[in-house]
Amino acid sequence: MTPAPGRRRLPLAERREEILQAATELIAASGFRGVTLEAFAAACGMTKAGLLHHFRSREDLLIAVLERRDTLDLASVADTFEPAPDPATARAVMSGFVRRNLAQRSLVQLYTMLSAEALDPAHPAHAYFRTRLVEGRAMLERYLLAWHPRPDRAAVDLLAFLDGLQLNWLRDDDIDFLAQWEAFADRFFAP
């Protein structure tokens, strides 16, 4: 059977990756609630039924987009995930995260928009973001902030600063994210 004009067959893994990339861009631009299943399908040259073959629902697609982002983030630092013995090592690791995020503005926007939308307990990603916060804080405490006298509080401070800076940077292109980060890091990681 030949695909319909304008449609193309791809191996399952390639099609899934194409869908996730397109969904990431659409959600980053419009938020999850602003994009219909038909729009996700159209962005990939698919029908709604074709998309539903790969993801059972819009909500499943959303969770897959978020999990893909986490997988890509962890893969970028997998070989550096040893507990930081001191503030300088922790700062170097976090500066790597910051630089990586600066090169992925659309992903930062996606995460920021979805995180805000998911404050609503009825949002399909509400539980995902609650779990991610708990796990992220624990990871920071265990791997990057164990040297700190209060790693639990330091993790909250670090996440609050980065989340706030990301939000303001997305609103104002004139903010020099890296310079702001370095000034904060000078204080936060001071021995």
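1. A residue is called buried here when its relative accessible area is under 20% and exposed when that area is over 50%, with partly exposed in between. By that cut-off arginine 15, at 7% relative accessibility, counts as buried. The model is a predicted one, and the remarks below should be read with that in mind.

2. Arginine 15 forms a salt bridge with glutamate 18, in which the closest N and O atoms are 2.6 Å apart. Both belong to helix α1 (residues 12–30), and because they are 3 residues apart there, about one helical turn separates them. A search of the whole structure gives 10 salt bridges. Side chains of opposite charge can pair when their charged atoms come close.

3. Arginine 132 and aspartate 70 meet through their side chains in a salt bridge, at 2.7 Å from N to O; arginine 132 sits in helix α7 and aspartate 70 in helix α4, and the two are 62 residues apart.

4. Glutamate 182 counts as partly exposed at 23% relative accessibility, while arginine 91 counts as buried at 19%. The pair also belongs to a network of salt bridges that links Arg91, Arg99, Glu182 and Asp186.

5. The largest nonpolar core has 28 residues, and those with the most contacts inside it are Ile27, Phe40, Leu51, Leu61, Leu114 and Phe129. Two or more residues of this core come from each of α1, α2 (37–43), α4, α6 and α7, and the largest share, 6 residues, is that of α1. Leucine 114 illustrates the packing: residues up to four places away in sequence being left out, leucine 114 touches Ile27, Phe32, Leu62, Leu66, His123 and Phe129. Apart from this core lies another, of 21 residues, among them Val108, Ala155, Leu165 and Trp169. In soluble globular proteins, nonpolar side chains tend to be buried together.

6. Asparagine 101 deserves a separate remark. This residue lies in helix α5 and, at 17% relative accessibility, counts as buried. When neighbours within four places in sequence are set aside, asparagine 101 is in contact with Arg69, Val108, Gln166 and Trp169.

7. The largest pocket holds about 1100 Å³ of space and is lined by 35 residues, of which Arg69, Tyr111, Arg132, Gly136 and Leu159 lie nearest its centre. At least two lining residues are supplied by each of α4 (58–77), α5 (87–102), α6 (105–117), α7 (126–144) and α8 (151–171), and α7 gives the most, with 14 residues. By class the lining has 21 nonpolar, 6 polar and 8 charged residues.

Note on methods:
Residues numbered from 1 in each chain as written. Predicted model: local features only at pLDDT ≥ 70, side-chain atom pairs only at ≥ 80, totals over all residues. Heavy atoms only, no water. 1 Å grid on protein atoms, 1.4 Å probe; cavity = no way out; pocket = protein on both sides within 12 Å on 5 of 7 lines; lining within 4 Å. Points joined across faces, edges and corners; volume = space filled by probe spheres on them. Helix = DSSP H or I, 4+ residues; strand = E, 2+ residues; numbered from the N terminus. Nonpolar A, V, L, I, M, F, W, Y, C, P; charged D, E, K, R; others polar. Salt bridge = Lys/Arg side-chain N within 4 Å of Asp/Glu carboxyl O. Buried < 20%, exposed > 50% of the residue type's maximum accessible area, 1.4 Å probe, protein only. Core = buried A, V, L, I, M, F, W, Y, C linked by side-chain atoms within 4.5 Å. Contact = heavy atoms within 4.5 Å.
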